[in-house]
Amino acid sequence: MLLKNTYDVVIIGSGPGGLAAAVEAKKEGAQDVLVIERDVELGGILLQCIHNGFGLEIFNEDLPGPSYAQRYIDESLALGVETLLDTIVLEVTPGRKIYASSKKYGFVEINARAIVLAMGCRERTRAMIRIPGMRPAGVFTAGTAQRFVNVEGIMPGNKFVILGSGDIGMIMARRLTFEGAKVERVLEILPYLSGLTRNYVQCLQDFDIPLQFQHTVKFIHGKKRVEAVEIAAVDENWNFIPGTEELIPCDTLLLSVGLIPENELSRKVGVELDPITGGPYVDESRQTNVPGIFAAGNVVHVYDLADWVTLAGYEAGKGAAKFAMALRAKETAHIPVNAGKNVHHVVPQSINKYVLEQDEIELQLRVLKPIEDRSVIEVHDGNHQIVRRVVRYVRPGEMNTIKLKPRHFADVEKASSLTVDVSPR
Amino acid sequence: MVEKRKLICISCPVGCELTVTLDGDNILEVEDNACKLGLDYAQQEIFDPKRMVATSVKVKNGFHPLVPVYTEHPIPKPMIKDVLAEVRKVEIEAPVDFNQIVIENVLDTGVNIIASRNMPKV
Amino acid sequence: MQEKYDFIIIGGGVVGCIIARTLSRYEGKALLIEKQADVCMGTTAANTAIVHAGYDPLPNTLKARMNVKGNAMWDQLAGELNFAFERRGDFVVAVGEDELPALDVLMTQAKKNGVPGCAILSGPEVRRREKNITPETSGALWASTGGICDPFAVTVAAAENAVMNGAEIKLNTEFKEFIMDGSRIIGIKTNRGDFFSRWVINAAGLFSDFVMHQAGVRPEFIIKPRKGEYFVFDQADVQIDNVLFPVPSEKGKGILVTATVHGNTILGPNANIIQDKTDTSTTLAGMEEIWSGARKLIPSLSKKHVIATFAGLRPMGNAPCKTPGVNYNADYIIEIPKEVQGFVNLGGIESPGLASSPAIAQEVVDLLKDAGEELRVKKDWDPIRPARPRFREMSQKDRKLLVDMDPRYGRIICRCENVTEGEIIAEIHAPLPATTYDAIKRRTWLGTGRCQGGFDTPRIVEILARELGVSPLEITKLGKGSEFLLRPTKNVEG
């Protein structure tokens with residue numbers, strides 16, 4: 001694949017937000033759209049979310065994550081969206097230059113007229129909630145475990161305790177049960193469910209997996225691999241209630257304790273972040289405070305449904321395409337006016353074609369050789385004539401003129417250069 | 001004999017906690033439902049509960065070792081375990097197409113197991 | 001089969017590895033054994049990473065002498081072994097007027113110990129140099145020779161340089177007992193067979209008491225593990241550029257706030273004596289203790305930005321100081337005991353053991369020479385352990401050059417710390433191969449950022465399995481028994 005130097009819209013991330021932005025940017029008229037994905041295939045985290053529950057809002061269908069992704073992958077490729085896979089963006093500059101790196105494509109520098117940040121979110125870790133105890137193997141975030149089980153085809157454990165009643169946690173409880181593991185307990189520090197009720201019913205209740213509210217992990221045991229976790233009840237201030245401790249033998253602790261928008265790149269380029277959401281401040285077109293940099297999906301704030309991420313992606317894709325096309329119009333507004341057949345020079349040498357929307361432009365020229373007969377002065381774009389004028393004669397000593405008028409704008413707008421020829425009639 | 005059962009309606013994200021009064025094969029009353037979807041849900045969930053099942057099958061020579069699959073339509077809830085055991089026996093060959101039927105009419109449920117993505121060959 | 005060595009070193013911490021490296025300079029065959037799956041798994045793995053200036057140890061102790069002498073050796077060591085070392089200097093901060101006299105005590109000690117470059121700074125001066133410090137700061141001792149380093153990098157680099165110069169390192173090899181010929185030690189028994197040697201050097205850290213007792217030396221000496229817990233902050237959120245100690249107490253140097261060479265700020269340690277020498281767990285109470293201690297110096301810290309917690313054990317000994325008139329019962333042991341022959345005995349090397357380690361190694365060499373060892377320098381000894389590329393530290397321009405040269409450096413495996421596949425593969429095939437997740441983490445700093453390995457773990461498992469030619473099920477976090485993965489998804493029993 002030959003990379004272009006400049007793209008109209010570059011999208012960082014190919015999850016639901018990124019793919020929707022790519023599709024919409026194309027539909028909105030952006031010509032060169034590139035998606036950069038750090039994984040080896042398009043789809044983002046949807047590919048490991050093999051459970052149903054996607055597409056209810058957008059397709060009115062109950063689809064698994066990969067099916068939902070596949071529809072957008074197929075659509076974006078059909079629309080001519082270009083992709084860079086297995087490539088990580090290292091830096092975005094305020095001038096919208098992108099540094100990225102990959103084994104296959106090497107070190108890549110790309111310019112973008114508009115950028116959509118769609119990096120999604122990351123999982124909160126053990127350290128962020130400061131669970132005391134040993135640091136053995138066997139403590140995984142739910143999403144990492146999900147990737148191992150569903151994509152890599154390897155089970156990270158046989159006997160689980162899951163901390164957090166977020167959707168990924170509950171969905172993993174069912175998934176692990178499907179694959180023959182035992183989920184001993186799901187714990188939630190809050191007095192209510194973090195995830196969706198339907199996931200509680202279909203993932204926990206259906207399989208008699210016990211859920212305890214206002215409980216959390218107090219200590220992790222095991223020097224090399226998790227051997228047990230000590231759990232305990234907490235009060236409303238999350239203080240442990242003495243005497244409620246219980247030791248649950250297990251080989252794995254899964255954490256589903258929240259997601260955080262992933263904004264390292266945003267931060268570095270000066271995108272202002274909302275301390276409440278952890279994501280950029282955006283306007284209705286999903287533009288951040290840095291002109292031409294848009295953001296959509298979980299990178300802005302964490303959503304409950306992928307469908308909403310897709311809708312946000314559409315908005316950002318549309319906004320980015322408009323921004324890019326306006327920029328492209330400005331970049332290409334000045335076109336050269338060339339001296340063609342029998343023309344010594346033309347002034348002005350270039351024009352801003354948008355002036356023609358309202359005003360006329362007079363081109364002044366001198367010919368190379370005299371023609372002592374009726375002659376034609378013609379302005380064309382290389383293929384099509386735009387305007388012609390017939391004069392009685394032309395001589396190098398006398399200046400000639402020809403006017404471009406607002407009625408020529410439609411033709412001139414499409415042109416990348418103008419040429420003036422003078423020939424005998 | 002009249003009995004009461006508790007159900008959480010999952011027809012929408014509200015998640016009403018229904019109390020269903022039941023006399024054998026007849027539902028006498030559904031309480032605490034915010035809308036009429038709750039009535040249909042109770043009927044379905046009590047007499048013929050069904051679930052979509054999503055899992056994976058082994059794939060030979062694929063880009064990944066597993067390809068995700070799911071039941072094209074919901075299957076009876078009591079059959080989940082048997083269907084999973086059936087799926088586990090299968091190993092298919094890459095390439096796999098998006099929506100390709102992996103098991104036709106699994107365990108006579110009338111439901112196909114289909115692939116939820118394509119899986120290129122390596 | 002009998003394997004014969006001239007020197008066997010028990011223990012692959014910073015002391016053992018620098019001794020191995022120092023001995024690899026001389027003719028003779030050296031072997032270092034380490035019971036864990038990597039070097040630097042004990043005390044060296046979890047400390048403040050500070051190369052202490054030397055004002056803290058009591059004057060005229062071996063500890064004081066080793067610290068000051070060792071500190072001066074670090075520039076050359078870092079230059080030869082190519083690891084990050086920065087002499088940023090450090091502050092001992094007095095909070096409130098009551099703590100001011102403690103600074104004078106330290107200043108006097110600094111002079112007695114021969115520590116160069118110390119000064120007492122006023123409160124306003126300290127606040128000018130460190131904006132985040134508590135407004136109650138009344139002054140500080142400033143020691144310009146204090147340094148910070150990455151202890152993993154130091155230990156690994158020393159071990160590698162030893163291997164490059166002909167020393168052997170056997171990992172997963174645990175000392176059991178000595179093989180004696182009368183009162184002479186002639187070898188050791190391990191879980192992986194017997195090894196014979198003319199000299200055995202005890203650098204077993206927390207377990208140095210066990211090793212010397214096996215030789216019948218110093219039965220009264222015991223090591224008590226003293227646990228220290230730490231918090232690590234996200235470098236994007238918290239940036240403290242200085243090394244800030246509180247004034248010391250009987251419990252030690254206290255809970256400090258310090259910069260690291262990787263840019264993260266760390267807090268800790270507390271100091272609690274425990275029983276179990278393998279208990280490196282963090283505790284709720286301990287974490288609260290650190291928190292209140294650190295906030296005394298920097299009140300603005302927020303727990304929200306903590307990205308890691310860990311704990312380490314210091315080997316606190318009970319050896320009396322040998323200098324007449326000095327009443328001190330936790331001095332270092334560096335000796336050739338008289339009871340047995342062929343034994344160099346080290347013990348109680350707690351803080352400032354890292355700073356002292358090059359001096360300790362030199363002391364061992366001197367003892368061996370005194371004992372009649374000739375120690376001829378190898379003709380082809382190479383003191384330089386070359387640096388390997390670190391993508392995260394490079395400019396975009398240099399990155400491009402590197403990736404053009406070897407595209408494996410273009411594939412980022414750790415997105416938080418920008419560690420590449422090329423770097424990981426280089427570590428797996430280094431002179432001292434990194435074969436576990438933690439070994440790669442310590443060498444490349446991968447997985448130490450905000451996501452704490454969530455993104456890179458599946459990829460590391462894949463790369464290690466491929467490069468070592470084993471199943472992903474065999475890949476461990478820190479050695480056998482710490483496997484990440486248990487079975488293929490579809491292999492369900494019953």
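Predicted model: local features only at pLDDT ≥ 70, side-chain atom pairs only at ≥ 80, totals over all residues.
Between chain C and chain A, the contact takes 59 residues from chain C and 51 residues from chain A. The two chains bury about 4700 Å² between them, with 56% of that area on carbon and sulfur atoms. Of the area that chain C buries against chain A, C:Arg450, C:Arg487 and C:Thr489 supply 14%, more than any other three residues. Eight salt bridges are counted between chain C and chain A. In one salt bridge, the side chains of A:Lys103 and C:Glu421 meet at 2.9 Å, N to O. Polar contacts between chain C and chain A amount to 27 residue pairs, both residues being at pLDDT 80 or more. On the side of chain C that touches chain A, at least two residues each come from helix H8 (284–297), strand E18, helix H10 (396–405), helix H13 (457–468) and strand E23 (487–488) of chain C. E18(C) gives the most to this side, with five residues. By class, the side of chain C that touches chain A holds 26 nonpolar, 16 polar and 17 charged residues.

The contact between chain B and chain A takes 26 residues from chain B and 30 residues from chain A. About 2300 Å² is buried between chain B and chain A, and carbon and sulfur atoms give 58% of this area. Four salt bridges are found across the interface of chain B and chain A. B:Arg51 forms a salt bridge with A:Asp206, with the closest N and O atoms 2.5 Å apart. There are 10 residue pairs in polar contact between chain B and chain A, both residues being at pLDDT 80 or more. Strand E5 (54–60), strand E6 (66–71) and helix H2 (80–88) of chain B each supply at least two residues of the side that touches chain A. That side of chain B has 16 nonpolar, six polar and four charged residues.

A search of the whole structure finds six cavities of 30 Å³ or more. The largest cavity has a volume of about 490 Å³. It is lined by 26 residues, of which A:Arg126, A:Pro136, A:Val139, C:Gln452 and C:Lys477 are the closest to its centre. Helix H3 (126–129) and strand E8 (139–141) of chain A, and strand E18 (306–316) and helix H12 (437–444) of chain C, each supply at least two residues of this lining. The lining of the largest cavity divides into 11 nonpolar, 10 polar and five charged residues.

The second largest cavity has a volume of about 60 Å³. Residues of chain B line this cavity, among them B:Cys9, B:Cys12, B:Cys16 and B:Cys35. Its lining divides into eight nonpolar, four polar and no charged residues.

Definitions and conventions. Residues numbered from 1 in each chain as written. Chains lettered and ligands numbered in written order. Heavy atoms only, no water. 1 Å grid on protein atoms, 1.4 Å probe; cavity = no way out; pocket = protein on both sides within 12 Å on 5 of 7 lines; lining within 4 Å. Points joined across faces, edges and corners; volume = space filled by probe spheres on them. Helix = DSSP H or I, 4+ residues; strand = E, 2+ residues; numbered from the N terminus. Nonpolar A, V, L, I, M, F, W, Y, C, P; charged D, E, K, R; others polar. Contact = heavy atoms within 4.5 Å. Buried area = accessible area lost by both parts, 1.4 Å probe. Polar contact = N/O pair within 3.5 Å; in protein donor to acceptor, adjacent residues only side chain to side chain.
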